[in-house]
Structures are given as structure tokens and as C-alpha cells.
Amino acid sequence: MADLDNSGTLTEDEGRALIAYHRKPKLEGGEGWMEVLEWSDFNKDGRMSEDELVSIMLRHGWGLEDIDNSVERLHQFAGTEAGMNYDEFEGYMESWGHKNPDDEEDEEPSKEDAVEIKI
Ligand SMILES: [Ca+2]
């Protein structure tokens with residue numbers, strides 16, 4: 001994953017990028033899916049690859065069995081060998097029964113507004 005130019009070795013820049021990737025603050029949960037995809041997207045190609053999925057899951061404490069299942073599912077949704085684009089990632093997340101927190105946030109203010117009107 002870190003070998004961005006597929007040269008078989010890590011350049012200094014690639015090494016630094018890998019270290020930076022692993023030092024990034026973890027996601028706390030509740031992030032929108034676009035943010036999750038961007039967090040994982042090491043090579044910034046707009047897609048979550050198998051390596052990137054494994055990395056983000058390891059980093060967030062998932063077990064190997066969960067990671068295996070997720071990788072298998074990634075391959076069902078990924079449109080290319082480079083991984084899932086946002087639309088595919090959305091389908092992947094929905095297939096686990098997850099809802100995008102970004103969508104829920106859009107709905108919540110309207111409920112609060114309704115309460116305010118009653119008062
Ligand atoms: Ca990527």
C-alpha cells in the first residue's frame with residue numbers, strides 16, 4: 001500500500017507518508033462515510049482498496065475474522081482492483097446495516113425545530 005509508485009521499495013516520501021498515515025488521530029465513531037473513506041484513502045485515488053480497508057480496521061481495533069469478512073465483501077462491491085469509490089463504499093456500508101451519520105444529522109435538526117415550534 002505504501003509503495004505508491006509500485007517500485008518494490010519505499011522511497012523516503014512514501015515512508016514518511018506511511019508513518020503519517022499511522023499517526024493520524026483515530027476516527028472516534030459517528031463520522032460521515034465520506035470522512036471515513038477519505039481517512040482510509042492513503043493513495044488519495046478516491047477509492048478504498050483492500051490494503052486501505054485492512055489498515056483502517058486494524059488501526060481501529062478490529063479482529064482478523066471481521067477483517068477477513070470485510071475484505072471478502074469489499075470485493076463484492078469494489079468496481080475495480082483499486083477498490084471502492086464513494087458510491088460503492090456507500091453500498092458496502094449499507095450492506096452491513098449501517099446508516100450514514102451524515103444523513104441522520106440532516107434529519108435531527110428538523111425534529112428539534114418541531115419541538116421548538118410547540119413550545
Ligand atoms: Ca485509495
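Tutor: Helices (H or I, at least four residues) and strands (E, at least two) are DSSP runs, numbered from the N terminus. The model is a predicted one, in which local features need pLDDT of at least 70 and side-chain atom pairs count only at pLDDT 80 or more, while totals for chains, interfaces and linings use all residues. Residues are numbered from 1 along each chain as its sequence is written.

Student: In which helix is the place of Glu-104?

Tutor: The helix in question covers residues 101-118. Glu-104 therefore has its place in helix H6.

Student: How many helices and how many strands does the secondary structure comprise?

Tutor: Read along the sequence, the pattern is α-α-α-α-α-α. The secondary structure comes to six helices and zero strands.

Student: Is Glu-104 buried or exposed?

Tutor: A residue is buried if 20 or more other C-beta atoms, placed from the backbone, lie within 10 Å of its own, exposed if 12 or fewer, and partly exposed in between. Glu-104 has 11 other C-beta atoms within 10 Å. For this reason, Glu-104 is exposed.

Student: Is Arg-47 buried or exposed?

Tutor: Arg-47 lies in the loop between helix H2 (33-40) and helix H3 (50-59). Within 10 Å it has 21 other C-beta atoms, so Arg-47 is buried.

Student: Leaving aside neighbours within four places in sequence, with which residues is Arg-47 in contact?

Tutor: Two residues are in contact if their C-beta atoms, placed from the backbone, lie within 7 Å. With neighbours within four places in sequence left aside, the contacts of Arg-47 are Asp-41, Ala-82, Gly-83, Met-84 and Asn-85.

Student: What is the relative direction of H3 and H4, roughly parallel or roughly antiparallel?

Tutor: Axes are lines fitted to C-alpha atoms, for helices over the stretch in contact, and angles run from 0 to 180 degrees between N-to-C directions. The axes of H3 and helix H4 (residues 64-77) come within 10 Å and cross at roughly 150 degrees. Angles under 35 degrees count as roughly parallel, over 145 as roughly antiparallel, 65 to 115 as roughly perpendicular and the rest as oblique. H3 and H4 are therefore roughly antiparallel.

Student: Which residues of H3 and H4 make the contact?

Tutor: Both helices contribute to this contact. From H3 come Glu-50, Leu-53, Val-54 and Met-57. From H4 come Asp-66, Ile-67, Ser-70, Val-71 and Leu-74.
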